[in-house]
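Please read them with the structure open beside you.

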Amino acid sequence: MKKIFSAFLLLTFVLIFSQEKKPMFWNDIQEFKALDQKTPPPKNAILLVGSSSFTKWKNVSEYFPGKTIINRGFGGSRLTDLNYYAHDLLNPYQPKQIIVYCGENDFADDANLKSDVVVDRFKIFYTKIREKFPHIEVDFISIKYSPSREKLWPQMKEANKKIAKFMKKEKNADYIDITKTMNDANGNVRKDLFVEDMLHITPEGYRLWTEVMNPYMK
């Protein structure tokens, strides 16, 4: 009986230890792999990569009729996570365009994080994209100003400004600014475009994003 109990404890320890050793968002990436194995991803699609603003846009294809879209937004991912999983997020696909929404969670993860750090993280990911896809269109959607993260807006605004400047200098690249469309006539963030958590956006918010994104979609 003691041997059985000891074996059970050992198995439990191994299971817990193996789970602890898995990096953050590992399960999300495995789900993407399973999806791609079940249904091979189409070529020449528009690949969305980033955090939960993409993750929760589950019906994104309905907003862009006639466009083939692969949505690979995951969890509360940061640009550090995009860099960590860059191989898994880029190598399985042959897109004609990549659109990135990420960076908001980097600041949420560390309220003292400098904007330059986030900009550099994005530049690293952009370089990884270019190593794999030298000539396709790559776009970055501006970090949105979620009411629940108002204290972080100054760093976010600075990061947006610097990323916009960087993207404008790059070939086949653009900065998609969704800031104005999420503001009211007085230039204030429209809280009605956010769900109860004041972080994620409503269908109307996504509709407004669509209006801004459409001219950039290949």
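This is a predicted model: local features need pLDDT of at least 70, side-chain atom pairs count only at pLDDT 80 or more; totals for chains, interfaces and linings use all residues.

1. Core. The largest nonpolar core holds 65 residues, and M167 and W209 have the most contacts inside it. Helix 9, residues 153–169, contributes the most to this core, with seven residues. As a general background, nonpolar side chains tend to be buried together in soluble globular proteins.

2. M167. Apart from residues up to four places away in sequence, M167 touches F122, Y126, V138, D139, F140, A173, D174 and Y175.

3. Helix 10. This helix spans residues 203–213, and its buried residues are G205, Y206, L208, W209, T210, V212 and M213. They pack against helix 3 (52–55) and helix 4 (60–63), and also against strand 3 (97–101), strand 4 (137–141) and strand 5 (173–176).

4. Q97. This residue is in strand 3. Q97 counts as buried because its relative accessible area is 0%, where the cut-off is under 20%. Its side chain reaches the backbone oxygen of Y216 at 2.9 Å. Setting aside neighbours within four places in sequence, Q97 is in contact with A45, I46, L47, I136, E137, D139, Y216, M217 and K218.

5. Cavity. How many cavities of 30 Å³ or more are there? The count is one. The largest cavity has a volume of about 40 Å³. Its lining is made up of I143, K144, Y145, I178, T179, M182, N183 and V189. Of these lining residues, five are nonpolar, two polar and one charged.

Technical notes. Residues are numbered from 1 along each chain as its sequence is written. Side-chain values use heavy atoms; hydrogens and water are left out. A nonpolar core is a set of buried Ala, Val, Leu, Ile, Met, Phe, Trp, Tyr and Cys residues joined through side-chain atoms within 4.5 Å. Buried means under 20% relative accessible area, exposed over 50%, partly exposed in between (1.4 Å probe, protein chains only). Helices (H or I, at least four residues) and strands (E, at least two) are DSSP runs, numbered from the N terminus. Contact means heavy atoms within 4.5 Å. On a 1 Å grid over the protein atoms alone, a cavity is a set of points where a 1.4 Å probe fits but cannot get out, and a pocket is an open set with protein on both sides within 12 Å along at least five of seven lines; lining residues have an atom within 4 Å of a point. Grid points are joined across faces, edges and corners, and a volume is the space filled by probe spheres set on the points. Ala, Val, Leu, Ile, Met, Phe, Trp, Tyr, Cys and Pro count as nonpolar, Asp, Glu, Lys and Arg as charged, and the others, Gly among them, as polar. A polar contact is a pair of N or O atoms within 3.5 Å; within protein, one must be able to donate a hydrogen and the other to accept it, and residues adjacent in sequence count only if both atoms are side-chain atoms.
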